[in-house]
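This report is a guided reading of one protein model for someone who is meeting it for the first time. Please keep the sequence and the 3D view at hand while reading.

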Amino acid sequence: MVEFITVFLVSYVLHACGITIGYHRLLSHRAFTCPKPVEYFWVFLGLLAFEGSPIWWATIHRAHHRWTDTEKDPHSPRNGLMYSFTGWLSEKEYLPHLDPHTQCKDLFKDPIYRFLECGGNLPMGHALSFAIGFGFRGILWALFGWQVALASLLAGFAVLSIPLMLNVICHLPSLGYKLYAGDDDSVNVWWVGILAMGEGWHNNHHASPGSARTGMMPWEFDLSWLIIKTMHKFKLVTRMNVATHYQLYRASMKRQLVQARSGKVPKHRPIDVTSRKRKRARVRAS
Ligand SMILES: [Zn+2]
Ligand SMILES: [Zn+2]
């Protein structure tokens with residue numbers, strides 16, 4: 001039993017980081033660059049969590065950032081709760097406004113990603129991803145026995161549910177808080193932050209999608225960022241974009257000023273995280 005739980009937890013963290021570091025921050029946002037073997041390491045850990053073709057994943061995700069919480073967003077809860085959870089997965093073709101050859105031109109240069117994309121045939125791409133996922137567990141079964149294989153399989157399915165849950169929970173303003181102003185519904189949700197290796201600080205992520213770091217406050221634990229930072233120390237990451245709270249806070253203040261000038265009342269206001277010391281100084285100054 002101890003072995004089963006250990007394999008499950010280790011596999012969960014590894015595959016989840018495959019998605020957050022590999023599929024998301026590296027391929028979808030190019031938040032950092034690294035040598036190809038390191039890239040493949042994370043991307044294949046993500047692929048083994050049944051996440052589908054990396055090109056398909058990145059196309060959908062880039063579209064989500066481009067058209068966040070509008071009609072064109074591939075999975076906004078504004079367009080239906082169930083559709084934003086799992087409904088969008090049943091699409092057999094890319095939506096008319098999505099073109100992976102344009103939106104993910106960079107990823108088509110890689111022959112492995114091109115192969116996994118199956119020429120844009122989405123059901124075939126998903127089936128291939130499942131076949132690879134099950135094939136990997138078959139190898140684990142042959143080498144280490146059925147318990148290890150089952151624990152790894154369950155961890156893969158648990159990780160598969162993270163982005164699906166995140167798409168809904170972190171775009172429902174009543175379930176979290178905003179640090180930075182914006183027109184979308186994205187919020188930070190603490191327990192998603194922990195389960196999703198730092199991706200639950202989703203309002204921060206929408207404020208700066210290209211940043212390798214997502215957790216901005218001391219309580220916003222961001223394991224993916226800690227791993228990227230460690231890889232950077234060991235020269236396994238050659239470049240990374242890192243946004244700071246101060247930069248995002250300033251941009252947020254400017255956005256609020258523009259909104260106020262145009263008489264627009266924002267639907268969701270960011271929380272005030274100014275320290276007591278600074279608040280007192282502000283009161284004294286006014
Ligand atoms: Zn989002
Ligand atoms: Zn993103």
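Val43 is found in helix α2, which covers residues 36-47; helices here are DSSP runs of H or I with at least four residues, strands are runs of E with at least two, and both are numbered from the N terminus. The model is a predicted one, in which local features need a pLDDT of at least 70 and side-chain atom pairs count only at pLDDT 80 or more, whereas totals for chains, interfaces and linings use all residues, and side-chain values rest on heavy atoms, with hydrogens and water left out. Residues are numbered from 1 along each chain as its sequence is written, while chains are lettered from A and ligands numbered from 1 in the order in which they are written.

With a relative accessible area of 1%, Val43 is buried; the term buried stands for under 20% relative accessible area, exposed for over 50%, and partly exposed for values in between, using a 1.4 Å probe and protein chains only. Leaving aside neighbours within four places in sequence, Val43 is in contact with Gly22, Tyr23, Leu27, Pro54 and Tyr113, where contact means heavy atoms within 4.5 Å. Val43 and Leu26 are 17 residues apart in sequence, and their C-alpha atoms are 8.8 Å apart in space.

Confidence comes next. The predictor's confidence in each residue, pLDDT, runs from 0 to 100, and the protein averages 91, with 94% of the residues scoring at least 70. The highest confidence is in helix α11 (residues 223-233), at a mean of 97, and the lowest is in helix α13 (residues 276-285), at 61. Where pLDDT is low, the predicted coordinates should not be read in detail.

Which residues touch the most other members of the largest nonpolar core? They are Phe32, Val192, Ile228 and Met231, in a core of 51 residues; such a core is a set of buried Ala, Val, Leu, Ile, Met, Phe, Trp, Tyr and Cys residues joined through side-chain atoms within 4.5 Å. At least two residues of this core come from each of α1 (2-28), α2, α3 (54-66), α6 (111-117), α8 (146-169) and α11, and α1 gives the most, with eight residues. A second, separate core of eight residues includes Tyr177, Leu179, Tyr180 and Met217.

The zinc ion (ligand 2) is coordinated by the NE2 atoms of His24, His29, His61, His65 and His205, at 1.9 to 2.2 Å; donors are N, O and S atoms within 2.8 Å of the metal (3.2 Å for Na, K and Ca), and sites may look incomplete because water is not among the atoms. In sequence, these donor residues follow the spacing H-x4-H-x31-H-x3-H-x139-H. Distant parts of the chain are linked by the pair of His61 in helix α3 and His205 in helix α10, which are 144 residues apart.

Helix α10 (residues 202-207) also holds Asn203. A polar atom of the Asn203 side chain lies 2.9 Å from the backbone nitrogen of Tyr180.

| Residue | Relative accessibility | Class |
|---|---|---|
| His61 | 10% | buried |
| His205 | 3% | buried |
| Asn203 | 3% | buried |
| Arg30 | 27% | partly exposed |
| Met197 | 6% | buried |

Most residues other than glycine have a negative phi, and most peptide bonds are trans. Arg30, although it is not a glycine, has a positive phi of about 50°, and Arg30 is placed in the loop between α1 and β1 (32-33). For Met197, also a residue other than glycine, phi is near 55°, and Met197 lies in the loop between α9 (190-195) and α10.

Finally, the cysteines. Zero disulfides are found in a search of the whole structure, a disulfide being a pair of cysteine sulfur atoms within 2.5 Å. Cys17 is in no disulfide, and the nearest cysteine sulfur, that of Cys34, is 14 Å away. The sulfur of Cys118 is too far for a bond, because the closest cysteine sulfur, in Cys104, is 15 Å away.

Key:
A polar contact is a pair of N or O atoms within 3.5 Å; within protein, one must be able to donate a hydrogen and the other to accept it, and residues adjacent in sequence count only if both atoms are side-chain atoms.
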